Amino acid sequence: MARPTATSRALSQNFLADRATAEHFARLAVPGARPVPLLLEVGAGKGALTVPLARRCRELRAYEIDPRLLPGLRSRFSGTPHVRVVGGDFLAARPPRTPFSVAGNVPFSRTAAVVDWCLRAPALTDATLLTQLEYARKRTGDFGSWTLLTVRTWPRYEWRLLGRVGRRSFRPVPRVDAGVLRMERRDTPLLGAAGYRSWCHLVELGFSGVGGSLHASLRRAHPRRRVDAAFRAARLDPGVLVGEVAPERWLRLHEELTC
């Protein structure tokens with residue numbers, strides 16, 4: 001087994017080495033029969049995912065930050081005109097103005113930054129990312145708890161865990177397994193612009209931790225009787241922990257407290 005170099009360790013590079021896994025991931029990233037118009041790949045590495053992704057899009061921009069890998073990538077895809085290898089940091093890229101998808105094997109240390117970049121891109125339709133399994137489970141409620149980021153963005157994005165990839169599918173082998181995280185922009189948001197603003201305020205208030213419980217936090221902005229009624233409507237116990245409240249229950253709380 002090859003030892004990781006200092007550069008690969010600094011960049012958290014764990015290259016996908018299993019071809020079957022790469023093919024399966026590409027099918028998850030582009031689940032339909034029709035190719036997507038534009039796909040951006042995060043961290044193309046040596047091209048393991050680039051090959052199957054290229055068959056599922058009309059234009060692919062493969063970003064790779066490690067300059068040592070660029071000559072091999074460009075040589076490999078020199079005969080594939082719709083694939084453009086881009087040298088540089090994906091996070092520094094300007095998001096396209098037309099609808100596009102994102103996919104890739106994300107360096108574990110940069111996962112949160114890549115997700116934030118995707119959420120800020122107005123034309124993003126979906127992102128399918130290989131991340132640390134714990135991160136994917138945390139973002140999708142797979143632990144039975146929900147994070148502030150997931151709940152806050154829920155009216156506009158659906159978050160799903162699509163599978164698990166064993167750590168031995170990567171070289172060098174990381175310490176933990178990976179998960180396939182998919183975030184997909186809803187065709188029709190669950191809330192309009194005004195409703196989303198009040199949603200963000202409510203959710204951030206609830207996650208503030210002030211008062212020691214969700215119920216107490218919400219009472220800072222709403223009368224107790226209304227909070228009690230909203231909890232009954234959402235079928236929540238007053239002592240429930242904020243992380244245990246699923247997004248669907250938050251929607252009912254929002255409906256009751258902002259009507």
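Reply: Helices here are DSSP runs of H or I with at least four residues, strands are runs of E with at least two, and both are numbered from the N terminus. By that count the protein chain has 11 helices and 9 strands. Keep in mind that this is a predicted model.

First, some background on the chain. The C-alpha trace spans about 65 × 40 × 30 Å along its principal axes. Of the 259 residues, 49% are buried. The accessible surface comes to about 13,000 Å², and 50% of that belongs to carbon and sulfur atoms. If you take contacts between residues at least 6 apart in sequence, 64% of them join residues at least 24 apart.

Now the charges. The chain carries 42 positive and 22 negative side chains, and the centres of those two sets lie 4 Å apart. Out of these charged groups come the salt bridges, and the structure holds 15 of them.

Let's start with E59 and R61. Their side chains meet in a salt bridge, at 3.2 Å from N to O. The two partners fall into separate burial classes: R61 has 18% relative accessibility and counts as buried because the cut-off for that is under 20%. E59, with a relative accessible area of 32%, is partly exposed.

In helix α10, which covers residues 224-233, D228 and R224 are 4 residues apart, about one turn of the helix. Their side chains form a salt bridge of 3.8 Å, N to O. D228 counts as partly exposed, at 23% relative accessibility.

Helix α11, residues 247-258, has a pair of its own: R252 and E255 are 3 residues apart there, again about one turn of the helix. The closest N and O atoms of this salt bridge are 3.8 Å apart. Both ends are partly exposed, R252 at 32% relative accessibility and E255 at 48%. Salt bridges can also link up through shared partners, and that is how D126, E158, R160, R182 and E184 end up in one network.

Strand β7 runs over residues 157-165 and includes V165. V165 is buried, with 8% relative accessibility. Leaving aside neighbours within four places in sequence, V165 is in contact with T21, L130, F170, D177, A178 and V180. P122, by contrast, is 43 residues away from V165 in sequence and 30 Å away in space, C-alpha to C-alpha.

Finally, have a look at T153 in helix α7, residues 148-153. T153 is buried too, at 7% relative accessibility. A polar atom of the T153 side chain lies 3.3 Å from the backbone oxygen of T150. Not counting residues up to four places away in sequence, T153 touches L119, W159 and Y196.

Definitions and conventions:
Residues are numbered from 1 along each chain as its sequence is written. This is a predicted model: local features need pLDDT of at least 70, side-chain atom pairs count only at pLDDT 80 or more; totals for chains, interfaces and linings use all residues. Side-chain values use heavy atoms; hydrogens and water are left out. A salt bridge is a side-chain nitrogen of Lys or Arg within 4 Å of a carboxyl oxygen of Asp or Glu. Buried means under 20% relative accessible area, exposed over 50%, partly exposed in between (1.4 Å probe, protein chains only). Contact means heavy atoms within 4.5 Å. Accessible areas come from the Shrake-Rupley method with a 1.4 Å probe; for residues, only the protein chains shown count as cover. Lys and Arg count as positive and Asp and Glu as negative; His and the chain ends are not counted. The place of a charge is taken as NZ of Lys, CZ of Arg, CG of Asp or CD of Glu. A polar contact is a pair of N or O atoms within 3.5 Å; within protein, one must be able to donate a hydrogen and the other to accept it, and residues adjacent in sequence count only if both atoms are side-chain atoms.
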